[in-house]
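Hi,

Here is the structure for you to look over. My notes on it follow below.

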Amino acid sequence: MFSVFISILLLLSVPLAEFLPEKPRRSTLNQLTRTLLRKYNRGVRPVLNWTDPTIVYIDFIVQSVLDVDGQTQKVTTNIWYRQIWKDEFLVWDPLEFDGINEISLSLDAIWVPDIIISEFVDVGRSPSLPYVYVNSSGTVKNYKPIQVVSACDLEIYAFPFDRQNCTLTFRSWLHTVGEVDLALWRSPEEIINDTREFMNDGEWELLSVPSRYCQLHMEDRDYAQIQFNVVIRRRPLLYVVSLLIPSIFLMVVDVISFYLPPNSGTRITFKTSILLGYTVFRVNMMDELPATAIKTPLIGVFFAVCMALLVLSLAKSILVVKLLHHNEKEMKEMSVSACLLDKYGSSSQSFNESSFTSMKTLDEADQCGGFDFDFHVEEDLVSLCELPDTVLQLERVLQEVVSLRYYLHQVESDGTTQTDWLALCYKMDRLLFRLYLVILVIYSSTLLFLWIAWSSA
């Protein structure tokens with residue numbers, strides 16, 4: 001009876017085995033993960049012999065330069081970072097696990113080297129990737145993009161033709177070279193000219209990425225570190241078009257404005273408009289210039305001196321116009337004709353006053369060298385007292401004729417003096433213009449010399 005029952009169970013088990021589903025492959029992956037991490041301690045450096053250092057291979061590719069802040073001396077770059085090391089506790093035989101050669105593990109579950117960037121100053125917006133790849137030989141690959149905000153000694157003296165050399169130093173924060181050593185994943189020759197992933201359509205151009213291995217000696221200990229020098233150069237076309245060319249045009253227009261006549265009154269108005277326009281231009285372009293508390297860019301000195309030259313040009317024109325108007329005012333104040341008209345314009349003057357004024361006028365005319373009269377004061381006074389009214393009227397007419405002649409001569413003399421003064425002012429204007437050109441040439445030569453000295457340094 002018992003044998004019959006066993007036979008029935010065997011018959012029923014055969015078709016049930018055929019309908020059972022095949023064991024999924026993911027269970028092998030889970031089994032492998034549990035096997036690797038069952039006794040794994042992420043706080044212990046993964047070496048079987050504790051005297052052997054863990055060699056961490058480092059490599060990175062620069063993708064873009066996001067920001068260069070001259071005031072805070074910070075550079076923001078986006079890099080593709082690669083970190084490879086061997087974990088001797090994460091080794092398995094692929095044949096025992098259905099040929100699995102590589103798996104992904106959580107970054108929080110295994111040991112990770114404490115590699116930092118020494119120039120790191122701020123947390124960037126880097127994406128968080130929680131997994132790493134591990135192959136059957138124990139090689140761990142940690143690939144991730146990083147946005148690095150690092151300190152850099154920026155040299156903006158030659159802005160916008162500047163070139164920057166920013167260093168990124170990778171080192172272990174705690175472990176010495178006997179525990180964690182660093183090495184380059186690729187050769188320095190491959191890294192230095194690797195610009196294939198760089199976004200080359202922005203403001204900055206990647207020139208090279210030289211790298212070197214060195215050891216830092218500190219507190220009787222040696223720490224391994226790898227330095228990558230990111231050499232970048234600014235594209236100056238935008239700043240040349242928006243900053244330099246407008247400034248040069250305004251200076252050229254200011255020089256041309258010296259050919260306007262100084263007595264026309266339009267030169268000062270024109271130069272004032274140029275100075276006002278340059279001031280507005282500087283205010284609008286202030287955000288385009290890099291700010292630093294240590295050094296002033298050469299272009300900043302260029303703008304400041306250009307504004308000083310515009311002010312000097314305006315002051316020179318004001319001086320010339322002031323001299324011209326000062327001459328006209330003095331001519332009006334010292335005009336003898338106005339005095340003569342004031343003296344002889346009234347008909348209520350007495351005979352004695354008219355005689356005395358006539359004698360004074362003739363004496364002045366004789367002193368000026370314009371007339372030659374032979375009058376005797378005593379005889380004239382006696383004769384005038386004895387003459388009848390007709391002769392007195394003739395004498396008055398003679399005085400008026402002499403005064404009119406003297407007035408005409410004085411007007412002619414004043415016109416000649418004013419012409420000579422105007423010619424003198426024009427000569428002074430040309431002299432000041434040439435002096436202005438000399439200052440402008442000296443200034444331009446100094447800028448060119450400083451530029452050549454910086455380029456050859």
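The chain folds into ten helices and twelve strands. Keep in mind that this is a predicted model. Of the 457 residues in the chain, 35% are buried. Take the contacts in the chain with a separation of 6 or more: 77% of them are between residues 24 or more positions apart.

**Cysteines**

How many disulfides does the count come to? One, taking sulfur atoms within 2.5 Å as the cut-off. The disulfide joins Cys152 to Cys166, with an S to S distance of 2.2 Å. As a reminder, a disulfide is a covalent bond between the sulfur atoms of two cysteines.

Where do the two partners sit? Cys152 is in the loop between strand S7 (139-151) and strand S8 (163-172), and Cys166 is in strand S8 itself. The pair therefore ties together parts that are 14 residues apart in sequence. The torsion about the S-S bond of Cys152 and Cys166 is about -90 degrees, so this disulfide is left-handed.

Are Cys152 and Cys166 buried or exposed? Both Cys152 and Cys166 are buried. Two other cysteines are worth a note if you plan to look at burial. Cys214 has a relative accessible area of 13%, so Cys214 counts as buried, the cut-off being under 20%. Cys306 has a relative accessible area of 1% and is buried by that rule too.

**Helix H5**

Helix H5 covers residues 266-284, which is 19 residues. From its first C-alpha to its last, H5 reaches 27 Å, close to the 27 Å expected at 1.5 Å a residue.

Which residues of H5 are buried? They are Arg267, Lys271, Ile274, Leu275, Tyr278, Phe281 and Arg282. The face of H5 turned away from the buried side carries the exposed residues Thr269, Leu276, Val283 and Asn284.

**H4 against H5**

Helix H4 (residues 237-256) packs with H5 at an angle of about 170 degrees, and their axes are 10 Å apart. An angle over 145 degrees counts as roughly antiparallel, so that is how H4 runs relative to H5.

Which residues meet? From H4 come Ser242, Leu243, Pro246, Ser247, Leu250, Val253 and Asp254. From H5 come Phe270, Lys271, Ile274, Tyr278 and Phe281. Lys271, Ile274, Tyr278 and Phe281 are also among the buried residues of H5.

Best wishes

Note on methods. Residues numbered from 1 in each chain as written. Predicted model: local features only at pLDDT ≥ 70, side-chain atom pairs only at ≥ 80, totals over all residues. Heavy atoms only, no water. Helix = DSSP H or I, 4+ residues; strand = E, 2+ residues; numbered from the N terminus. Buried < 20%, exposed > 50% of the residue type's maximum accessible area, 1.4 Å probe, protein only. Expected span 1.5 Å × (residues − 1). Axes fitted to C-alpha atoms, helices over the stretch in contact; angles between N-to-C directions. Parallel < 35°, antiparallel > 145°, perpendicular 65-115°, else oblique. Contact = heavy atoms within 4.5 Å.
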